[in-house]
Amino acid sequence: MKDKASYLLIHPDDSVCVSLRDLHAGEEILINGNTIILKTDVSFGHKIAIKKIQVTENILKFGFPIGSAKSDIEEGEWVHTHNVKTNLGEKLYYQYNQRSNEEVKVLTTDRTFQGYVRNNGEVGIRNEIWIINTVGCINKTAELLAKMGTENHKDRDIEGVFHFPHPFGCSQLGDDLTNTQKILANLVNHPNAAGILVLGLGCENNYVEQFKQSIGEYDSERVKFLEVQKVDDELEEGLILISDLVDYAERFKRQPVPVSKLKVGLKCGGSDGFSGITGNPLVGAFSDLLVEQGGTTIMTEVPEMFGAETILMNRATNEEVFSKTVNLVNDFKEYFIRHDQVIYENPSPGNKAGGITTLEEKSLGCVQKGGFSEVVDVLPYGERVTKTGLNLVEGPGNDLVSVTALAASGAHIVLFTTGRGTPFGGPVPTVKISTNTTLFEKKKNWIDYNAGQLIEGTDMDSLKHDFFEYIVKLASGDTRTKNEQYGFKEIAIFKDGVIL
């Protein structure tokens, strides 16, 4: 059987192609006039050798090496972990290649979305009340207040009362406590929240008066505080404060706001063999389009840059940003080494089942979320973005921790590509983008948009503009993500030290 639609050759120099359906030994595919007979079964999304690959020879995908052969690989064989190994080593040394002095052009556009302009000039895309608890001991108190507050004010002009449980805020020292305070404080300051109730216990390390220092200046009408040990009935007192916050939130109405005000986080999780072919390139094309119009995109997942970091380094806007990117990568490698862990112990079992073999392959797909824009800034974990354009933020690959870091850095929306699927959502709208149509059709309660159309005849230019319009509608409140519809809203905070 000869069926060109059975495979995808990404780059003309590649030594492997990707199967577009489950293929079986004995089937034939035709590549560049050459008939290849499959010697083994190859699952959907996995790789097929399209030429003989000698032992130690580099295996090319996306036009780059994704590892080398452990043994001779025959034409038509399945190419995966059993016959491929990573080429990556420990810390590397990088050289700055100065970019041209040509200025990046920002297009003049009159495109707007319907957003909420806050008193401090920041813009939100939701008019929600958030309960931020300083310590994990009162997660359930916060949950109950959010439920009661939503019910009490269901007919008011807000979009719900929400809380985000976490286990931290007490028994923490040093950087761990600082990280907890930074993330929670940045959520307090997030413009998607019209009003905030900071809920403290009273005896935690992250007690309210200290936490206020992390928050900085705040509007006393927008941010209320309650220490539950100090009152007789924390539910009664909390509901009074929530009622005041709802009154305050109703002052804000949607109005036209330039799309340049949008800040969008870029994330992938549960990746498969198509993540670097459909989902991530679509997000990259969107990122370039938003940046061209003066907007901001934010990318994290540092361990999933390993092996493709030079692509980002070569796009640094200046030598300072290049050095920050080098430090970002090497500091995360030091973190692995400090904990006696193998730096390149990645991809995950789910990634491998989906067709990803090595970290190089995963990273080459991962960095495509950043498109081709220059990198304008690199931020430590827990910091907020201040520059328009493509930013990098320190954070791990873990879905919960990285999405939280993106929201805390200021992202109004997080774009989350996935080939395996996950229901998880962060505190901001989390757009699940399937890399294949099978997942989109299977998980209707999880997936918002199907990038699998790119291997079914839809061209990238058409799809990126369609996706851009979808994001404008989402930001304007005309539609809701599945994580919003079903209440999939969680946070997780990075931890590196001891717990007392």
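## Gly174 and helix α2

G174 is found in helix α2. Helices here are DSSP runs of H or I with at least four residues, strands are runs of E with at least two, and both are numbered from the N terminus. At 49% relative accessibility, G174 counts as partly exposed. Buried means under 20% relative accessible area, exposed means over 50%, and partly exposed lies in between (1.4 Å probe, protein chains only). G174 and D496 are 322 residues apart in sequence, yet their C-alpha atoms are 9.8 Å apart in space.

This is a predicted model: local features need pLDDT of at least 70, side-chain atom pairs count only at pLDDT 80 or more, and totals for chains, interfaces and linings use all residues. Residues are numbered from 1 along each chain as its sequence is written, and side-chain values use heavy atoms, with hydrogens and water left out.

## Helix α2 against helix α3

Two packed helices are described by the angle between their axes and the distance between the axes. Helix α2 covers residues 174-188 and helix α3 covers residues 208-215. Their axes come within 9 Å and cross at roughly 65 degrees. That makes α2 roughly perpendicular to α3. Axes are lines fitted to C-alpha atoms, for helices over the stretch in contact, and angles run from 0 to 180 degrees between N-to-C directions. Angles under 35 degrees count as roughly parallel, over 145 as roughly antiparallel, 65 to 115 as roughly perpendicular and the rest as oblique.

The crossing of α2 and α3 is right-handed. In such a crossing the near helix is turned clockwise from the far one by less than a right angle; anticlockwise is left-handed. From α2, the contact uses L177, Q181, L184, A185 and V188; from α3, Q210, F211, S214 and I215. Contact means heavy atoms within 4.5 Å. These residues divide into six nonpolar, three polar and no charged. Ala, Val, Leu, Ile, Met, Phe, Trp, Tyr, Cys and Pro count as nonpolar, Asp, Glu, Lys and Arg as charged, and the others, Gly among them, as polar.

## Helix α5 against helix α12

Helix α5 (residues 275-292) meets helix α12 (residues 460-475) with axes that come within 9 Å and cross at roughly 65 degrees. So α5 is roughly perpendicular to α12. This crossing is right-handed. On α5 the contact includes P281, L282 and F286; on α12 it includes M460, L463 and I471. By class, it has eleven nonpolar, one polar and one charged residues.

Q453 lies in the loop between β23 (449-450) and α12. Q453 is partly exposed, at 26% relative accessibility. Leaving out residues up to four places away in sequence, Q453 touches T437, T458 and L463. The C-alpha atoms of Q453 and L463 are separated by 8.2 Å.

## Aromatic pairs

The whole structure holds 18 aromatic pairs. Rings of Phe, Tyr and Trp (its six-membered ring) pair if their centres lie within 6.5 Å; planes under 30 degrees apart count as stacked, over 60 as edge-to-face and the rest as tilted. Y335 and F336 are edge-to-face, 5.9 Å centre to centre, with 90 degrees between the planes. Y335 is partly exposed at 22%, whereas F336 is buried at 17%.

Y381 and F494 have ring centres 5.8 Å apart and planes at 55 degrees, so this pair is tilted. It links distant parts of the chain, 113 residues apart. Y381 sits in the loop between β19 (375-379) and β20 (389-393), and F494 in the segment after α13 (482-485). Y381 is buried at 6%, and F494 is buried at 15%. F306, F332, Y335, F336, Y381 and F494 form one aromatic cluster.
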